[in-house]
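Dear colleague,

I am passing on to you the structure shown below, together with some notes on what was found in it. Please keep it open beside the text as you read.

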Amino acid sequence: MASNQSTTPPPTLQRGKACLRCRKRKMRCDGSKPACQQCVRAKQHDACQYDDGKGKTRTQLLREHIERLEQRIRELEDPEYTSPSVTLHDPHRHGRSESSSSSLTGSPASTGFSLSVSSFSPSGVLIRYDHLALNLEYFTANNSPQSSWIQGIPSPSPTPFPDIYHEEPQPTIELAQTLVDVFFSHCRQSLLGLHIGRLRESFTRPVMEQHHPVLTNAIFLWACYISRPGPLSAHESHYLSRTLDSVSDALQYQSRLLDVIQASCLLSLYFLSNGRALEGSYHANAAASLAIQCGLHGAMTNRSSSYETTAPISPFKLDPPKDAIEQGERILTFWQVFVLDRCWSVVLHKPVTIPHGSDGYASIIMPWPQDMEEYAAGQIDDLHSFHTVRSFFEHQVTNVRGGFSPLALRVKASALFERAHHLASTWDQPLAMSSAFTDDFQTLEHTIARFIPTLIPVHQLDATVPDEKHAYIATHTLAHAAMINLYYPFGAEDPVSYDKCLRAARCLVSIIKHIADTDYEFLDPIIGPCWTCAVDTLIRELNVIESSWPLVSSSDVRSEIGTMLYAMNNLSARFPLLGYSVAKVQKRLSGL
């Protein structure tokens, strides 16, 4: 009988005991092992993992995994190198699956990448191609990538990317995939939206089916960069040179435009985070211009003109995506370009390249970004007439699934950050505020104030999984920095603006208190310039306090500045750009 059946709901799981996938999606988890019912129903058995705090943290496991990858790279570089006799084993790491390892069935002649470690000879590595055998002095004993040289004559037969694949030494498939694994642990810093499984598997395919070397070399460059000061970083300049050399070749192939755009974003962020502003600005502009020119900002609508033309130059048009994953990669690539353009145009004091236009060809018709695993499952917001950014600023309510993903929130914060800076910079102090300016100002302030509560509270950051924690730190930081940018110019004359600016700066201080020392290497580089805005605000408050009468203690403000400087010093160890700001702040403080 139905009345005799138990209808007691399952007991509520203790806080922190849910699997990582359910915690990420804020779904009710029953805590079943090896896989909970939510993951079983979604056919995500392998993604059901638990982090109960009894073992090592995910960050510690990730660091050990990176160390093992660097160790393996050293073994591949030097056949005579002997690894330590004791090797740590992490049963939870996301290693390469047996299927992917056993799928390396291509031949060096067809892939462009050597398949076996045995290809390393005492003098280098022997890579065989169709009609081509190159004896490469690859990563020589002095560990200097600049000393590599090639003996041999390239094949005269026509092949895709001939200069890049046949005149440069290519790493083995195993080495290439290992470099990708090192990069992937930090890919959120660059916002590169690629399906990691397809990227790794692509190295086993024929050359025509691989990504262009401009993108793979840029990924290898980042793998070396984020490995500083490890031995892998010695090859950083080598891959930087190869990436730059590959750009002109890649631009000859319209089918490789997406690779060029993604590589340009990686190059730009690499240069910017190292304090090389002009080079970073150049590649950011190139990525944004190409994205608009090929219609990536409206990739869901196919808005390119369909009529025939006799013009000497036809409009660039991307081929239709093959599946949902490829469509998702295009969506993520556009938002990668958008975030780079919006955030760093503020730091570089330059106009944005992707226009603000709300109509015509300049309008952004693109769904909010989602997680790659959602694209892989076919869950894509296929909207053909949704003006995403405009709807956000106009407070239009939508039922878009991806509007509150961590990456979508990151995009919104970037848009607010740039809009606040742009609006404040248009104010001309000698002139009275126009009614239009006042309306825009109040609307933007209201948008920022409505946006911040949609984020996970700062005091709950430590309870999130590491990847999401780092993403939310960047989003919170950009949102409060937007408030500082909006009010800072008016703070000298308006007490209300001064107070709102100071409160936003102190919110950034409170965020820093939730950043562990192991988090800094995974933070977004744009956080550094945002912290300088907060320091400027706190130093202004320190000046006011120490010049007031009667005297008031400035110890609290100095403590807050000290917290900011500690964080900036830690981040500058990874991103040298911030080192210049730290030196300037210390010089200003020495004069107080």
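**Overall picture and packing**

Among contacts in the protein between residues at least 6 apart in sequence, 69% join residues at least 24 apart. Please bear in mind that this is a predicted model, in which the protein has 23 helices and four strands, and in which buried residues account for 51% of the 592 residues.

The largest nonpolar core has 141 residues, and within that core the members that touch the most others are Ile219, Trp335, Phe338 and Trp531.

Helix H17, which covers residues 406–425, packs with helix H19, residues 466–487, at an angle of about 15°, and their axes are 8 Å apart. Because angles under 35 degrees count as roughly parallel, H17 and H19 are therefore described as roughly parallel to each other, and their crossing is left-handed. On the H17 side the contact is made by residues including Pro406, Leu409, Phe417 and His421, while H19 contributes, among others, Glu468, Tyr472, Leu478 and Asn485. Sorted by class, the contact of H17 with H19 has 16 nonpolar, four polar and two charged residues.

With kind regards

Note on methods: Residues are numbered from 1 along each chain as its sequence is written. This is a predicted model: local features need pLDDT of at least 70, side-chain atom pairs count only at pLDDT 80 or more; totals for chains, interfaces and linings use all residues. Side-chain values use heavy atoms; hydrogens and water are left out. A nonpolar core is a set of buried Ala, Val, Leu, Ile, Met, Phe, Trp, Tyr and Cys residues joined through side-chain atoms within 4.5 Å. Buried means under 20% relative accessible area, exposed over 50%, partly exposed in between (1.4 Å probe, protein chains only). Axes are lines fitted to C-alpha atoms, for helices over the stretch in contact, and angles run from 0 to 180 degrees between N-to-C directions. Helices (H or I, at least four residues) and strands (E, at least two) are DSSP runs, numbered from the N terminus. Angles under 35 degrees count as roughly parallel, over 145 as roughly antiparallel, 65 to 115 as roughly perpendicular and the rest as oblique. A crossing is left-handed if the near helix is turned anticlockwise from the far one by less than a right angle, and right-handed if clockwise. Contact means heavy atoms within 4.5 Å. Ala, Val, Leu, Ile, Met, Phe, Trp, Tyr, Cys and Pro count as nonpolar, Asp, Glu, Lys and Arg as charged, and the others, Gly among them, as polar.
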